[in-house]
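Good morning, everyone, and thank you for making time for this.

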Amino acid sequence: MIGLHHYLVVSAVLFALGMFAIITRKNGVAILMGIELVLNAANLNFVAFSRYVWGGLTGQVFAIFVIMLAAAEAAVMLAIVIAVYDRFQSIDVDRVDSLKG
Amino acid sequence: MDLATYVLIALFAPLAGATVQIFLGRRLPRHGDWLCVGVLFVSFVASIPTFNAVWANPAFKLQILSEWLTLGSFGIPLGLQVDGLTGIMLTVVSFIAAFIHLYSVGYMHGDPRYSRYFAYLNFFTFSMLGLVLADNFFLIYVFWELVGLSSYLLIGFWFERPAAANAGKKAFIVNRVGDVGFFVGILLLWTQLGTFRFEEVFKGIAAGQMAGPLLTVTGLCVFLGAVGKSAQFPLHVWLPDAMEGPTPVSALIHAATMVAAGVYMVGRVYPVFTPDAFVVIAYVAGITAFFAGTIALTQFDIKRVIAYSTLSQLGYMMLGLATGGYVAGLFHLVTHAFFKALMFLAAGSVIHALHTQDLREMGGLRAKMPVTFWTMMAGSLALAGVPPFSGFFSKDAIIGATLGFVMAHPQHLLLALFAVGGALLTGLYAFRLMFLAFTGAPRDREKHHHAHESPPVMTVPLVVLAVFAVGAGWGGWFERLVRPPVELPHGPAGAHTLALALSLLAAGLGILLAYWTYVVGKISAGRVADRYRPVYTLLFNKYYVDELYAAGVVRPFLALTRGCAAFDLGVIDGFVNWCGRFTRGVSRVQGWIDFRIVDGAVNLVGNAIRAWGAVLRLVQTGVVQNYILVLLGGVLVILLLKVL
Amino acid sequence: MQIPAEAIVFYALTAITVLSGLVVVTSRKLVHSAFALVFAFSGLAGYYVLLSADFLAAAQVLIYVGGILILILFAVMLTHRIESLDIRSETLQLLPAIAGCGAIVVLMLLAVYRTPWAVKEPQVLTQTAQSIGSLFMTDYLLPFEVASVHLLIALVGAVIIAGKRGGQ
Amino acid sequence: MRPLVEWLQANVAALKGVPPDVLYLLLLLVGALIVINFVAISAMFFIWLERKVSAHIQNRYGPMLVGGWHGWAQSIADGIKLLQKEDIIPAGADRTLFRMAPFIVFVGSFAAFAALPFGAGLIVSDLNIGLFYILAVTSLVVVGILMAGWASNNKWALLGAMRAAAQIVSYEIPVGLTLLTVVIMAGSLSLVEISRLQEGIHPLFRVAAGGYVIGLPNWFVLQSPFTFVAFFLYFTASLAEVNRTPFDIPEAESELVAGYHTEYSGMRFSFFFLAEYADMFLVSAVAVMLFLGGWQGFAGPQFLLGTAAFILKAYLLVFVQMWVRWTLPRLRVDQLMDVCWKVLLPLAFVNLLGTGAWMLA
């Protein structure tokens with residue numbers, strides 16, 4: 001029988017994978033993909049908790065909000081990536097280090 | 001309109017003219033000369049009702065009172081008063097000034113500061129009229145100083161010429177010496193009597209509130225002012241130099257305004273002087289009258305000759321006043337105003353024609369300038385005291401008063417000699433001038449050739465003034481109007497007859513000597529001069545008074561100032577510089593502390609922060625993932641704490 | 001024998017999701033990562049179906065696959081020359097990341113298994129679309145409006161940021 | 001499908017021991033096979049039809065030889081030819097993605113058929129969010145197209161793919177908004193429910209005479225002026241969704257050779273082709289279900305006649321699409337986006353607001 005734990009484990013793994021991408025990838029878009037993975041992991045948790053612990057649709061509503069924000073974030077990200085590429089001819093985040101101390 | 005209004009119009013019309021002229025003169029048609037001359041005639045016309053009122057009632061007295069400032073119980077009054085003397089002076093001054101203005105239109109024609117000249121002239125007249133009308137010491141002092149200021153401006157009118165500028169300064173400074181005395185006298189009166197008003201002062205003195213040596217000293221102090229203004233010995237030195245100003249200005253100064261102010265003031269405050277003071281005044285006046293006459297004999301500058309004659313005549317006026325001839329002295333002031341104004345204007349006419357002031361370059365002008373000659377002749381005769389010219393009446397009265405005084409006080413015989421000798425000298429130098437200028441052969445043909453009679457605007461005033469120079473002594477009108485403010489001692493009865501004889505004799509002798517010397521040639525002026533060379537040199541150099549001043553006053557003063565300067569530079573500046581050096585030393589130490597210790601501490605703090613910043617900056621890599629990794633580490637720690 | 005259909009589907013989805021997630025994270029080619037993300041998102045949609053959140057599943061596919069992923073692909077393609085297929089994503093701080101992520105997985109699993117979850121019997125949910133709509137219009141009205149305004153702002157902001165190209 | 005499982009286990013003895021889940025999966029498989037075959041056959045018919053239509057419209061001969069009557073076997077011949085062709089993968093291509101792309105495109109359109117009620121009860125999976133599901137799943141097509149364009153390592157292919165992606169993503173918005181008008185009217189996302197709501201005769205446009213009621217059908221397209229407008233907006237936008245002329249910018253032959261499937265050949269190409277025609281049928285089917293009454297239309301047993309009505313209506317719309325294709329010229333790229341953002345989108349919004357007002361009134 002598939003239970004809460006299964007989903008939580010999958011979620012944890014996805015979270016770790018996303019985190020890994022965020023930390024290791026140089027490319028800004030790849031980092032964004034990692035962020036999306038993390039967000040999805042969180043969403044999965046929301047929905048799983050909603051079904052097994054909380055009951056009702058609250059978790060799903062939260063997940064929908066997260067998806068909304070992810071969409072907005074992706075749109076802004078695309079704009080930023082284009083602007084950054086325009087200026088630096090690269091979207092490698094380690095080359096975009098004007099704020100380096 | 002009541003009389004006060006006329007008086008105020010007469011007083012303020014010249015001021016209005018001056019004010020308008022100084023600001024707008026250059027933009028007015030003809031540079032505003034018509035305005036300035038016009039306001040003077042307005043002033044003259046407005047003074048006529050005053051004269052009429054005084055004539056109708058010699059005891060007439062009008063007072064216009066006002067308060068200038070009030071501080072608690074203490075107030076300074078501003079008052080004008082009109083009595084017989086004022087009425088005469090107001091009319092005479094505005095009359096003569098009006099004609100001098102008119103004459104100036106011709107004389108000053110084409111001057112670059114034509115409009116400014118008339119503004120000054122108006123202001124001068126206003127000052128003198130105010131002085132005449134003042135009814136208290138305070139106001140008279142104010143106008144006294146305004147007269148001084150105006151004379152300074154006008155004497156130095158051609159300030160491009162150093163001589164004129166210096167003359168202006170000299171007049172002003174010498175006057176200041178007298179003014180200080182006047183001021184001290186006023187203050188003494190104020191402290192003793194607590195008032196400035198003439199009436200109250202006189203009342204107080206009559207009541208014996210102030211008497212004895214103090215009053216004598218006060219009177220002498222006041223007289224010192226008159227010495228300055230009226231150019232009595234030894235402060236006469238400015239007057240000959242004042243000839244550097246335009247000739248109409250000289251006429252105004254000598255006739256109506258400046259020098260008259262001193263005599264008028266003495267007459268106005270007559271009760272202030274004690275008999276002791278009068279003795280001093282009489283000697284000063286006598287010396288002035290005689291010695292100025294002797295100097296006039298040797299001068300060749302036509303204006304200087306007349307100037308010294310003025311000195312001499314001023315001496316007579318003072319002498320008259322001092323020896324009890326109150327009316328005589330003031331009468332001579334009035335007659336002298338007419339004929340001296342006439343003589344200056346005539347001399348101006350000659351200068352205008354020849355463009356020289358040197359008598360040695362003149363001669364033979366009688367035919368060329370008949371009007372000038374005849375008017376000047378009238379003036380000279382009046383000056384010499386030849387009957388029936390006006391000067392005779394007044395001068396005769398003065399000599400009479402002097403002789404009366406000497407008879408009463410025989411120890412003062414010298415005064416009588418001064419008076420009679422002065423009369424002789426007057427005739428001599430007056431006709432020396434006339435004969436040198438107008439008779440004989442022209443000594444400078446070039447200048448003579450170009451000479452011509454002056455325009456009517458100049459000759460008309462000459463003729464008008466000549467009429468008065470001739471007739472001003474007739475009729476005893478002056479005695480009717482002017483009464484001495486105190487009871488005067490009557491001299492011995494025979495004095496007057498004797499005086500008449502002596503003065504006529506002296507004048508006639510003087511004229512005769514002049515005739516012999518300069519027309520007939522029996523006496524050679526040059527040989528006389530050679531024989532008495534030291535005397536001549538002494539006279540020619542005006543008794544070396546200027547040089548004495550230079551040696552006795554100016555040089556010591558300059559030495560004193562140099563000493564003060566040395567003290568200032570050496571001691572005071574030295575102290576100041578030492579203070580500065582000391583401060584600098586202290587501040588250098590302070591600066592060292594500031595730089596080394598305070599700044600060092602501040603810099604230490606700054607550098608420490610910067611060094612730490614440099615270390616901490618390494619953390620700021622600019623790579624987001626580094627931050628996230630650290631963040632992850634933090635999350636791990638929190639999880640560890642929570643889970644385990 | 002009851003065949004655990006749910007378990008089969010779950011494990012199949014897990015395989016798809018985790019494997020494609022791995023590809024996303026480790027692929028050297030950025031485009032492969034992006035396309036692998038499609039499968040990860042789809043797998044998650046499958047989970048949502050299993051969790052009887054069918055509306056959410058459809059929304060997941062519609063928005064993530066049809067929207068966000070397309071944006072990501074555009075971002076990848078616009079920031080590289082078209083000719084070059086070989087977009088490599090280099091990595092940094094690999095070892096610390098492995099250690100950290102491994103640690104976090106371990107810790108989270110520990111947390112998951114140590115926590116006594118108050119598990120309830122799952123409710124049977126029907127008509128989730130209507131229910132979610134009602135929730136948006138009632139309990140979550142303010143967040144809903146805020147989110148919509150947020151979307152609008154993000155839209156305008158994106159246009160402005162990207163619109164600066166070539167300008168200043 | 002669940003009721004079918006119960007019915008089978010109750011009535012067919014051989015299936016009694018089979019676990020219901022397994023049976024369910026098997027039945028799903030069968031359904032899928034049927035749908036695939038239907039789609040494939042339909043696509044072949046459409047290809048033939050398209051040739052004929054274009055020939056008639058443009059007054060030229062279409063293929064007339066293969067199979068006899070009007071060359072009916074031409075499409076089959078083409079299919080066999082394509083299956084036999086060599087599967088070429090360009091040298092610089094990304095092989096994995098290149099291979100995968102046609103399937104993703106095909107899956108994207110094919111998966112949508114699972115929620116399509118062909119007739120009363122004739123549906124693979126009756127989802128209560130059926131319409132939403134179709135919209136979601138079809139967005140997979142975009143991913144496949146991008147994948148194909150990228151993997152081909154070809155400028156035209158990539159440009160075509162990106163144009164297609166931009167176009168489809170953009171036009172999804174007016175499509176969704178116009179569909180929402182019907183959803184608001186119906187109050188459901190379930191396609192079966194929506195179809196059921198269009199039963200009978202229109203309550204206003206009807207004439208009752210002698211026990212018979214004659215009138216217009218109670219289809220959504222006729223239920224309010226806003227849905228009427230929405231139908232045409234949807235049809236226009238759906239043409240762009242499936243990259244049909246006048247919105248076929250992504251595969252504009254004169255500019256991009258053939259767009260994202262330039263490099264494809266053989267079987268993979270046929271998958272793209274199949275997917276395109278499947279999409280055409282899909283958008284038409286959605287239009288039929290939402291606006292044109294679904295399987296409603298013929299009196300009688302709905303299991304057969306309903307299905308026939310549905311397919312007939314959908315085919316009719318497909319024909320209209322072809323008709324439009326061969327009649328109108330192509331738009332420029334900027335015009336394409338202008339039409340979407342400046343014309344369709346505002347109209348769809350106004351329409352949606354109007355529908356809300358209509359519902360309240």
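What you see is a predicted model, in which local features need pLDDT of at least 70 and side-chain atom pairs count only at pLDDT 80 or more, while totals for chains, interfaces and linings use all residues. Residues are numbered from 1 along each chain as its sequence is written, chains are lettered from A and ligands numbered from 1 in the order in which they are written, and side-chain values use heavy atoms, with hydrogens and water left out.

Let me start with chain C, which has six helices and zero strands, where helices (H or I, at least four residues) and strands (E, at least two) are DSSP runs numbered from the N terminus. Along the sequence, the pattern is therefore written α-α-α-α-α-α. Of the 168 residues in chain C, 44% are buried, a word that stands for under 20% relative accessible area, with exposed being over 50% and partly exposed lying in between (1.4 Å probe, protein chains only). If we take the contacts (heavy atoms within 4.5 Å) in chain C between residues at least 6 apart in sequence, 58% of them join residues at least 24 apart.

Now, how many residues does each chain bring to the contact between chain C and chain A? Chain C gives 79 residues and chain A gives 70 residues. The buried area, meaning the accessible area (1.4 Å probe) that two parts lose on being put together, summed over both, is about 7,000 Å² for this pair, with 78% from carbon and sulfur atoms. On the side of chain C, the residues that lose the most area to chain A are C:Val25, C:Leu51 and C:Thr79, together 10% of what that side buries.

The rule finds zero salt bridges between chain C and chain A, a salt bridge being a side-chain nitrogen of Lys or Arg within 4 Å of a carboxyl oxygen of Asp or Glu.

Chain C also meets chain B, in a contact that takes ten residues from chain B and 13 residues from chain C. Between them, these two chains bury about 940 Å², 81% of it on carbon and sulfur atoms. In chain B, B:Leu629, B:Leu636 and B:Val643 lose the most area to chain C, and together they make up 48% of what that side buries. The count of salt bridges between chain B and chain C is zero.

Turning to chain D, the secondary structure comes to 14 helices and two strands, and 53% of the 361 residues of chain D count as buried. Its accessible surface is about 16,000 Å², with 72% belonging to carbon and sulfur atoms.

Finally, consider B:Thr274: is this residue buried or exposed? B:Thr274 is buried, with a relative accessible area of 10%, and its place is in the loop between helix H11 (258-268) and helix H12 (275-298) of chain B. Leaving aside neighbours within four places in sequence, B:Thr274 is in contact with B:Gly212, B:Leu215 and B:Thr216.

Technical notes
Areas by Shrake-Rupley, 256 points an atom, 1.4 Å probe, with all protein chains shown as cover.
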